[in-house]
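Have a look at the sequence and the model first.

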Amino acid sequence: MEYVWAFLVGGALCAVGQALIDYTKLTPARILVSFVVAGVILSGFGWYPKLIDLAGGGASVPLTGFGHLLAEGVRKAVEEHGFLGIFLGGLTSAAGGITAAMIFGLLTAVCFRSKDK
């Protein structure tokens, strides 16, 4: 049943993104930022952790999950470091994923060179 919920929730998030692309004049960049902000807001209200418990990867992998990760990182850092945690929390919580994306992007660029000259 976990796979079904992951598929349904992840698919619903993707369908919302596709509907925004098809039926609005929003640019893809604005849609992506909206998804991250929505994840932060839902996490702030305490709803996103419940969605992750229900759907697992279907909720944590899309960009809304990245927003949730940032919000949780800030919340924990504020508890530990006070006001300074506002600035440190998002960076420290997402550092592993951002570093992995940079390394894999670099490896891909090295392995698959562009044929355009």
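Buried residues make up 22% of the 117 residues in the chain; here buried means under 20% relative accessible area, exposed means over 50%, and partly exposed is whatever falls in between, with a 1.4 Å probe and protein chains only. Keep in mind that this is a predicted model: local features need pLDDT of at least 70, side-chain atom pairs count only at pLDDT 80 or more, and totals for chains, interfaces and linings use all residues. Residues are numbered from 1 along each chain as its sequence is written, and side-chain values use heavy atoms, with hydrogens and water left out.

**The overall picture**

The chain has six helices and zero strands, so reading from the N terminus gives α-α-α-α-α-α. Helices (H or I, at least four residues) and strands (E, at least two) are DSSP runs, numbered from the N terminus. The C-alpha trace spans about 50 × 35 × 35 Å along its principal axes. As for contacts (heavy atoms within 4.5 Å), take those between residues at least 6 apart in sequence: 49% of them join residues at least 24 apart.

Two packed helices are described by the angle between their axes and the distance between the axes. The axes are lines fitted to C-alpha atoms, for helices over the stretch in contact, and the angles run from 0 to 180 degrees between N-to-C directions.

| Pair | Angle | Axis distance |
|---|---|---|
| H5 (residues 63-81) and H6 (residues 85-111) | about 130° | 7 Å |
| H2 (residues 28-44) and H5 | about 45° | 7 Å |

What do those angles make of the pairs? H2 is oblique to H5, and H5 and H6 are oblique to each other as well. The naming goes like this: under 35 degrees is roughly parallel, over 145 roughly antiparallel, 65 to 115 roughly perpendicular, and the rest oblique.

Start with H2 and H5, whose crossing is right-handed. For handedness, a crossing is left-handed if the near helix is turned anticlockwise from the far one by less than a right angle, and right-handed if clockwise. On the H2 side, the contact is made by Leu32, Phe35, Val36, Gly39, Val40 and Ser43, while H5 brings Leu63, Thr64, Phe66, Gly67, His68, Leu70, Ala71 and Glu72. Sorted by type, the residues of this contact of H2 with H5 come out as eight nonpolar, five polar and one charged. For that sorting, Ala, Val, Leu, Ile, Met, Phe, Trp, Tyr, Cys and Pro count as nonpolar, Asp, Glu, Lys and Arg as charged, and the others, Gly among them, as polar.

H5 also passes H6 in a right-handed crossing. From H5, the residues in this contact are Phe66, Leu69, Leu70, Gly73, Val74, Ala77, Val78 and His81; from H6 they are Gly85, Ile86, Gly89, Gly90, Ser93 and Ala94. The contact of H5 with H6 divides into eight nonpolar, six polar and no charged residues.

**Zooming in on single residues**

Is His68 buried or exposed? His68, which sits in helix H5, is buried, with a relative accessible area of 12%. Not counting residues up to four places away in sequence, His68 touches Gly39, Val40, Ser43, Tyr48, Pro49 and Ile52.

Gly73 is in helix H5 too, and at 10% relative accessibility Gly73 counts as buried. Setting aside residues up to four places away in sequence, Gly73 touches Gly89, Gly90 and Ser93. Gly73 and Ile103 are 30 residues apart in sequence and 22 Å apart in space, C-alpha to C-alpha.

Ser60, found in helix H4 (residues 57-60), is partly exposed, with a relative accessible area of 36%. Leaving aside neighbours within four places in sequence, Ser60 is in contact with Tyr48, Ile52 and Gly65. The C-alpha atoms of Ser60 and Leu91, 31 residues apart along the chain, are separated by 18 Å.

Arg30 lies in helix H2 and counts as exposed at 56% relative accessibility.

**And the cysteines?**

A disulfide is a covalent bond between the sulfur atoms of two cysteines. With the cut-off set as a pair of cysteine sulfur atoms within 2.5 Å, the count comes to zero disulfides. Cys14 is exposed at 53% relative accessibility, and Cys111 is exposed with a relative accessible area of 58%.
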